[in-house]
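I opened the model to take some notes. The entries below follow what I looked up.

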Amino acid sequence: MAPTSSRRSGHSRRAQYSLFTSYLVAAIGALIGAVLLGISLWQPAAMGGVRGAASDAAEPAGRAVAVAREGSGGFFDAIAGYFRAGSQNAGLRKELELARIRLAEADATLQENERLKALIGLTEQDGEPVAITHITGSTAASARRFAYIGAGRADGVQVGMPVRSARGVVGRVLETGSSTSRVLLLTDSESVLPVRRGSDDLVAFAEGRGNGLLRIRLVNLGINPLEPGDVFVTSGAGGYYRPGVAVAVLTEIRPDGGLARMIADPAGTDFVRVEPIWQPDTVAAARQSPDEVLSDAEESE
Amino acid sequence: MIEGGLKPRSRPNPYGKRINREPSPLLANSVPYATIVLGSMLPLLLVTSTMPIVPPLGFMMLVGWRLMRPGLLPSWVGLPLGAIDDLFSGQPFGSAILLWSVTMLAIEWFETRVPWRGFLQDWLAAALACAGYVLAAAAFSGAKINPTLAIAIMPQLLASILAFPLISGLVATFDRLRLQRIRKVR
């Protein structure tokens with residue numbers, strides 16, 4: 001750190017004024033920052049347009065790095081496989097892992113089907129994806145867990161759409177730019193996802209804890225029936241996510257539920273698909289205030 | 001006697017390329033800003049779903065430049081550069097504008113209080129700045145503040161303190177690049 005004498009203003013009025021002005025402008029800058037921060041915390045979408053444009057501008061670099069990351073991941077997997085038990089090992093391990101998840105999901109689907117048939121015989125449609133794209137980046141230096149994907153408004157992506165990989169749910173679109181979108185990952189501390197246990201009807205909420213784990217909170221408290229290794233899938237409540245998609249595996253039991261690990265870790269994911277909102281009507285209804293619903297009902301009568 | 005009849009003055013030497021050259025004003029003035037903006041954008045390219053483990057590189061570059069070259073960056077530079085950082089960092093907009101401006105004023109104040117010079121003192125100033133920044137940024141991020149989050153940001157906090165010598169070396173390299181004598185004086 002240099003001695004301040006080199007920048008001491010001395011008796012020069014002009015130097016004194018310019019130094020004072022620069023401090024004043026810095027203080028005003030801090031004040032502007034505080035006001036903007038207040039607005040952003042109150043209305044998180046306030047600067048969304050500018051942020052979208054900025055992430056659109058940074059997207060080519062993100063895409064290039066994403067391709068390199070996926071390529072190098074495969075490369076290191078191959079080397080690891082060669083050194084352990086031949087070059088097929090890595091691929092087979094990955095496949096086995098996917099198969100296990102699929103098996104848990106299939107169990108969940110079977111169970112779901114039985115329940116639905118018992119109710120009204122409703123069949124479920126697996127809709128076409130809105131877009132298939134890369135994860136181009138994430139907010140690695142912030143306490144919030146957001147990821148950026150390489151598809152935006154121009155591809156038909158809308159706020160609220162679920163994002164999933166081949167393994168399971170990754171998160172939900174929070175903000176859209178024209179060619180990129182910002183995704184709220186499941187591990188963010190503001191993320192809450194309604195889930196159920198894959199093997200039965202036990203419903204719970206999977207909340208992000210901000211440290212990479214999900215907290216499973218049971219809706220019905222009592223004797224905790226969870227066991228480590230339980231697979232949780234989306235329940236479809238809330239209308240955003242299609243039911244039966246893998247979410248997390250329980251690792252630790254707590255009095256009101258447990259801690260779980262995300263199945264689809266975005267850091268190890270190459271392609272993600274953006275899916276349409278499962279039940280847009282439910283989502284829209286949940287956004288309406290009770291008074292509004294009442295007045296609509298009166299009008300329709 | 002010189003072999004080959006070569007005159008000593010015509011032999012290439014380390015000073016030969018600097019004579020009659022001066023730093024380009026464009027490079028000298030743009031490199032600090034460019035490296036800070038790149039530092040803000042770099043964490044975006046890394047995918048971490050678990051915890052914030054990458055140190056806030058843009059902020060550390062700012063602190064590095066400020067400590068190495070006092071007076072090069074105007075003290076109000078937190079307003080424009082913080083705004084750019086906010087676009088990429090995932091923090092609510094305004095958080096970096098506020099914290100970077102406050103940091104510039106705080107380092108100014110620290111400099112008048114502790115008027116000696118030395119690398120350890122720079123490191124102390126940077127450690128205080130980074131620790132304060134990481135904690136305040138987590139508090140302003142809009143995430144729920146709980147003991148889990150406090151533990152989760154500790155690796156980032158430590159990494160940002162320990163990485164300062166690295167950043168300092170990087171800034172020194174960029175500083176040499178910035179002052180390369182590439183413009184010919186005629």
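Which residues of chain B does the UniProt annotation "transmembrane region" cover? I note before going on that this is a predicted model. The unreviewed entry places the annotation on residues 44-68, 88-110, 122-143 and 149-174 of chain B.

**Two of the annotated spans.** I looked up residues 88-110 of chain B. Their end C-alpha atoms lie 29 Å apart. This span is 78% helix and 0% strand. Then I took residues 149-174 of chain B. Here the end C-alpha atoms are 35 Å apart. The span is 92% helix, with 0% strand.

**Where the chains meet.** I looked up the contacts next. On chain A, 54 residues are in contact with 59 residues of chain B. Which elements of chain A give two or more residues to that side? I found helix 1 (13-42), helix 2 (48-85), strand 1 (131-138) and strand 2 (146-149). Helix 1 of chain A gives the most, with 15 residues. I also checked the classes. The side of chain A that touches chain B has 32 nonpolar, 15 polar and seven charged residues.

**The barrel in chain A.** I followed the strands of chain A. Six of them close into a barrel, in the order 1-2-5-4-3-12. The pairing is antiparallel. On average, neighbouring strands of this sheet are turned by 45° against each other, direction ignored.

**Strands 1 and 12.** How many bridges join strand 1 of chain A to strand 12 of chain A? I read off four, and the two strands run antiparallel. Strand 12 of chain A holds residues 271-274. In that strand, A:Val272 stands opposite A:Thr133.

Definitions and conventions
Residues numbered from 1 in each chain as written. Chains lettered and ligands numbered in written order. Predicted model: local features only at pLDDT ≥ 70, side-chain atom pairs only at ≥ 80, totals over all residues. Contact = placed C-beta atoms within 7 Å. Nonpolar A, V, L, I, M, F, W, Y, C, P; charged D, E, K, R; others polar. UniProt positions renumbered as here; feature names shortened; annotations may be inferred. Pairing = 2+ DSSP bridges. Axes fitted to C-alpha atoms, helices over the stretch in contact; angles between N-to-C directions.
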